[in-house]
Amino acid sequence: NDFIMRAAALALKEHPVINSGYDSSKNVIVRFQTIDIAVAVSLEEGLITPVVRHVDYKNLGQISSEVKYLAGLAKKGELKPHQYKGGSFTISNLGMLGIHDFQPIINPPQAAILGVGGIRECAVIKEGLVAVGKRMMVSLSSDHRVIDGIHAATFLNTLQRYLENPAVLLI
């Protein structure tokens, strides 16, 4: 999940239109100035999304520590409002529960959410031969009042590039 958050933050930096929201009270698009990613945490009472701030400026170790800390607070019911309000983008990872793919629901006022499925072994073509490979499904739900389909597609292409080259995420 930490690699996915880092990859998403770098992709959001390249595609700032995805890092947007919609203020329905004023009927205006909001362009968030920082990349603050909310991560879905399941509790018995329901779902809560603690927010990791300025993810694009953090390395994998910092992201991992902060997610673990915030998830721990969430499970103990000790999150403060500033720790779960105000994100600019959300990631929901059901892959760890064996889900292959799903369509996540946008967390308003954000305009997009990334759904992450589990990694599966599958047949792939490598140098003209069939081989065993691994594949992970992701899906992006987006508010088309804010994000056109072409922007969503180019964001996903950039995200794919980062995830397929994880060494870049270490920098």
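## A buried lysine and its partner

Lys58 is buried, with a relative accessible area of 18%. Here buried means under 20% relative accessible area, exposed means over 50%, and partly exposed lies in between, with a 1.4 Å probe and protein chains only. The side chain of Lys58 meets that of Glu66 in a salt bridge, with 2.6 Å from N to O. Glu66 counts as partly exposed because its relative accessibility is 23%. A salt bridge is a side-chain nitrogen of Lys or Arg within 4 Å of a carboxyl oxygen of Asp or Glu.

## Basis of the model

This is a predicted model, in which local features need pLDDT of at least 70 and side-chain atom pairs count only at pLDDT 80 or more, while totals for chains, interfaces and linings use all residues. Residues are numbered from 1 along each chain as its sequence is written, and side-chain values use heavy atoms, with hydrogens and water left out.

## Overall layout

The chain has three helices and nine strands. From the N terminus on, the order of elements is α-β-β-β-β-β-β-α-β-β-β-α. Helices (H or I, at least four residues) and strands (E, at least two) are DSSP runs, numbered from the N terminus.

The radius of gyration of the chain is 16 Å, which agrees with the value near 16 Å for a compact globule of 171 residues. This radius is taken over C-alpha atoms, and the globule rule is 2.2 Å times the number of residues to the power 0.38. Along the principal axes, the C-alpha atoms fill a box of roughly 55 × 35 × 30 Å.

## Contacts and surface

Of the 171 residues, 44% count as buried. Among contacts between residues at least 6 apart in sequence, 56% join residues at least 24 apart. Contact means heavy atoms within 4.5 Å.

The accessible surface of the chain comes to about 9700 Å², and carbon and sulfur atoms hold 56% of that surface. Accessible areas come from the Shrake-Rupley method with a 1.4 Å probe; for residues, only the protein chains shown count as cover.

## Asp56 and the other salt bridges

Side chains of opposite charge can pair when their charged atoms come close. A search of the whole structure finds five salt bridges. One of them joins the side chains of Asp56 and Lys13, at 3.6 Å from N to O. This pair links distant parts of the chain, 43 residues apart: Asp56 is in the loop between strand E6 (51–52) and helix H2 (60–76), and Lys13 is in helix H1 (residues 2–14).

Asp56 counts as buried because its relative accessible area is 12%. Lys13, at 46% relative accessibility, counts as partly exposed. Leaving out residues up to four places away in sequence, Asp56 touches Arg6, Ala9, Lys13 and Ile35.

Arg145 and Asp143 also meet through their side chains in a salt bridge, at 2.7 Å from N to O. Asp143 is buried, at 12% relative accessibility.

## Lys76 and the charges

Lys76 has its place in helix H2. Lys76 is exposed, with a relative accessible area of 58%. The C-alpha atoms of Lys76 and Leu43 are separated by 9.5 Å, and the two residues are 33 residues apart along the chain.

The chain has 17 positive and 15 negative charges, and their mean positions are 3 Å apart. Lys and Arg count as positive and Asp and Glu as negative, while His and the chain ends are not counted. The place of a charge is taken as NZ of Lys, CZ of Arg, CG of Asp or CD of Glu.
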